[in-house]
Amino acid sequence: MQHIVILRIGHRPERDKRITTHVGLTARALGAEGMLLASNDKGIKAAIEDVAGRWGGTFYVNNDVNWKKEIRAWKEHGGKVCHLSMYGTNLPDAVEGMQECNKLMVVVGAEKVPSEIYDLADWNVAVGNQPHSEVAAVALTLDRISKDETLAGAFEDAELTIVPTARGKRVIDNTKNTGFDQS
Ligand code: SAM
């Protein structure tokens, strides 16, 4: 199994709350084990861990990390680093190497990222060479490297589990062991 963590840098609490929360939730849903937040915003940790508490799994958020120390420590422990940047190598040209790596940190920016990251990264990867969204960049990257495995993955100890249906909303409340239709 591949260990994937997201390193979110440049988060501005006054304007990036929603998008950073979505980066974390998307990463969790697509198989990452946690997100390191290189800014101090305890609200992000609380919001994501609240969702993870109800919907299961062990996804964590580490608040206010030092990004350089995290990258160095990750690499010292045998991990590799993929920095998402529209200036990088296109995703299809880097995906094979990333699939082979069993410990992958995915770095995603908000405001302009420090130029040092381009040298620290093993791969600077572009999801197309046009500016768009960090949520889209994380989603497409995790999807391509997962070989379709994580989308169907189960989340342990979930309070709530969705039963996929063609119409309507079916949810199992595991705390009561009952199913219900959500309106
Ligand atoms: N203005 C910033 C800069 O020049 O570095 C980038 C802002 S962009 C909205 C925020 C983040 O989204 C980037 O740091 C990058 O991680 C990600 N991103 C945006 N477009 C991307 C693309 N085409 N490929 C990969 N990542 C992308």
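Two strands pair if DSSP finds at least two bridges between them. Strands here are DSSP runs of E, at least two residues long, and helices are runs of H or I, at least four residues long, both numbered from the N terminus.

Now to our protein. This is a predicted model: local features need pLDDT of at least 70, side-chain atom pairs count only at pLDDT 80 or more, and totals for chains, interfaces and linings use all residues. Residues are numbered from 1 along each chain as its sequence is written, and side-chain values use heavy atoms, with hydrogens and water left out.

Start with the big picture. The protein is divided into domain 1, residues 3–152, and domain 2, residues 154–183. Those bounds come from an automatic or database domain assignment.

Next, the six-stranded sheet. The sheet is open, its pairing is parallel, and its order reads S3-S2-S1-S5-S4-S6. Which strands sit at the edges? Strand S3 (60–62) and strand S6 (123–126), each pairing on one side only. On average, neighbouring strands are turned by 30 degrees against each other, direction ignored.

Look at one pair. Strand S1 (residues 3–8) runs parallel to strand S2 (residues 34–37), and four bridges join them. Val5 has Gly34 of S2 as its bridge partner.

Then there is helix H2, residues 42–55. H2 lies across S2 and S3, at about 175 degrees to S3. Axes are lines fitted to C-alpha atoms, for helices over the stretch in contact, and angles run from 0 to 180 degrees between N-to-C directions. Contact means heavy atoms within 4.5 Å.

On to domain 2. Strands S7 (residues 160–163) and S8 (residues 170–173) run antiparallel, joined by four bridges. Leu160 stands opposite Asp173 in S8. The hairpin has six residues between these strands, and Gly168 takes a positive phi near 80 degrees.

Finally, how do the domains meet? Their C-alpha centres lie 28 Å apart. Eight residues of domain 1 and nine residues of domain 2 make the contact. About 690 Å² is buried between the domains, 60% of it from carbon and sulfur atoms. Buried area is the accessible area (1.4 Å probe) that two parts lose on being put together, summed over both.

Which residues of domain 1 lose the most area to domain 2? Arg54, Trp55 and Gly57, together 63% of what that side buries. Between the domains, the count of salt bridges (a side-chain nitrogen of Lys or Arg within 4 Å of a carboxyl oxygen of Asp or Glu) is zero.
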